[in-house]
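Hi,

Here is the structure I promised to send over.

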Amino acid sequence: MMLARNAESLYWIGRYVERADDMARLLDVAIHQLLEDTSADVDGAVRMVIAVLGLEVPDTDEPLDVWALTEHVAYAKGSAGSVVDLIRAARENARGAREVTSSEMWECLNTTYNGLAEAERRGRRLGPHEFLSYVKNRAAMFAGLADATMSHDDGYRYLLLGRSVERVDMTIRMLLSRANDTINSPAWVNVLVSAGAHDTYLRTYRGLLDAENIVQFMLLDRLFPRSVFHALRVAEQNLAEIEKRPSRVGEQAEALLILGRARSSLEFLEPGRLLEGLQERLLDLQDTCRAVNEAVTAQYFHVSPYVSWADARVSDGEDHFIEESEL
C-alpha cells in the first residue's frame with residue numbers, strides 16, 4: 001500500500017505540471033491576440049485573463065498591459081500560482097517522493113526548474129512566446145517520461161488523477177474566457193488553440209468553425225484528451241482502480257460518486273443547446289473539481305494522527321507514571 005504522503009505528492013505533481021502547461025497555453029494565445037488586435041481593451045482583457053486563471057488581480061489604478069500580464073502570471077517568483085511557482089512546487093513534491101518516481105521524471109522537473117531563469121531571459125529579450133514554449137515543451141516531456149518510465153500502478157494512477165482533475169478545471173477556464181462572447185465571435189477559436197485542439201477540431205468538423213461545435217468538442221468529445229468529458233472519465237477510471245473495494249450494493253467513495261455524477265450530467269446533454277446557460281454549467285463543473293479535490297484529500301491523504309498508547313509513559317521520579325498527553 002502506498003504511503004499517503006507519496007500519493008499526495010504524485011497527485012499534486014500531476015496537478016501542478018498540468019496547470020503550468022495549460023496556463024502557458026492560455027497565456028500564449030491571449031498575448032498573441034492582444035498584440036494583434038489594436039482595437040482591444042487591453043487593460044480589461046488582461047484583468048479578465050488573470051481573474052479566469054484564478055489569480056489575484058493587481059490592486060492598482062494603472063492600466064495593465066501584456067507585459068504586466070506576463071510578469072504577473074508567468075515570471076512572478078513570489079506570486080502563488082504563477083507558472084514559475086507551479087514548476088517549483090512540482091519539483092519540491094518530486095524531491096520528497098523520489099522513491100516512487102523514476103530518476104528520469106525527477107531529472108526532467110529539476111532541469112526544467114533550473115532552466116526557468118534562462119528561459120525567462122530569452123522571453124524578456126525575444127518575447128513571452130519563448131518562455132511559454134519552453135514550459136509547454138518541458139511539460140510534454142514530463143508527461144511522456146511518466147508514461148514510459150513509471151510502473152502503471154497506484155502511484156501512476158494518483159499522478160493521472162491529479163492531471164485529469166486539473167485538466168477539467170483548466171479546460172473550463174479556457175471556455176469561461178469566451179463564455180460572454182457572441183456566438184459569431186472569432187475569438188472562440190482561441191479556446192481550440194489554447195487547448196492544442198485546433199487541428200483535431202478542423203479534421204473532426206470538416207473545417208466548420210462554429211461556437212456551438214467548439215463548445216461541444218471541448219465539453220463532450222469522447223476521444224480528444226483535453227475535453228472535459230474525456231478528462232472526467234480518465235479521473236473516474238483511475239480513482240476506481242485505486243479504490244478497488246468490492247461492494248454488493250455498489251457503494252462508492254465520495255470522490256468517485258462526484259466524478260460519476262459530473263460525467264453522467266455531460267453524457268446526456270442535448271448537443272444542440274450547449275450555449276444555453278453555458279456559464280452556469282461551467283461554474284458547476286468547476287465546483288465539482290473543488291469537491292473532488294476535497295474528497296480525495298480527506299479520504300486518501302489525511303491520515304489519523306499518532307495515538308500515544310497507555311504504555312507510552314514517563315516516570316515522575318517517584319515510581320508514578322504520567323501519560324504523555326498530561327505533560
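**Salt bridges and a helix pair**

Glu-120 has a relative accessibility of 10%, so this residue counts as buried. Before I go further, keep in mind that this is a predicted model. The partner of Glu-120 is Arg-124: the two form a salt bridge, with 2.8 Å between the closest N and O atoms. Arg-124 comes out at 46% relative accessibility and therefore counts as partly exposed, since that class sits between the 20% and 50% cut-offs. Both residues belong to helix α6 (residues 116–126), where they are 4 residues apart, or about one turn of the helix.

Glu-18, Asp-21, Asp-22, Arg-25, Arg-167 and Arg-226 make up one network, joined by salt bridges that share partners.

How many salt bridges are there by this rule? The count is 28, taking a Lys or Arg side-chain nitrogen within 4 Å of an Asp or Glu carboxyl oxygen.

- Arg-15 pairs with Glu-166, and their closest N and O atoms are 2.8 Å apart.
- Asp-28 and Lys-136 meet through their side chains in a salt bridge, at 3.1 Å from N to O. Because Asp-28 sits in helix α1 and Lys-136 in helix α7 (residues 128–149), the pair ties together parts that are 108 residues apart in sequence. Asp-28 and Lys-136 are both buried as well.

Now for the helix contact. The axes of α1 and helix α3 (residues 66–75) come within 10 Å, crossing at roughly 175°. That makes α1 and α3 roughly antiparallel to each other, because the class takes angles over 145 degrees.

Which residues of α1 and α3 meet? On the α1 side they are Met-23, Leu-27, Ile-31, Leu-34 and Leu-35, and on the α3 side Val-66, Leu-69, Thr-70, Val-73 and Ala-74. By type, the contact of α1 with α3 has 9 nonpolar residues, 1 polar residue and no charged ones.

Cheers

Terms used: Residues numbered from 1 in each chain as written. Predicted model: local features only at pLDDT ≥ 70, side-chain atom pairs only at ≥ 80, totals over all residues. Heavy atoms only, no water. Helix = DSSP H or I, 4+ residues; strand = E, 2+ residues; numbered from the N terminus. Buried < 20%, exposed > 50% of the residue type's maximum accessible area, 1.4 Å probe, protein only. Axes fitted to C-alpha atoms, helices over the stretch in contact; angles between N-to-C directions. Parallel < 35°, antiparallel > 145°, perpendicular 65-115°, else oblique. Contact = heavy atoms within 4.5 Å. Nonpolar A, V, L, I, M, F, W, Y, C, P; charged D, E, K, R; others polar.
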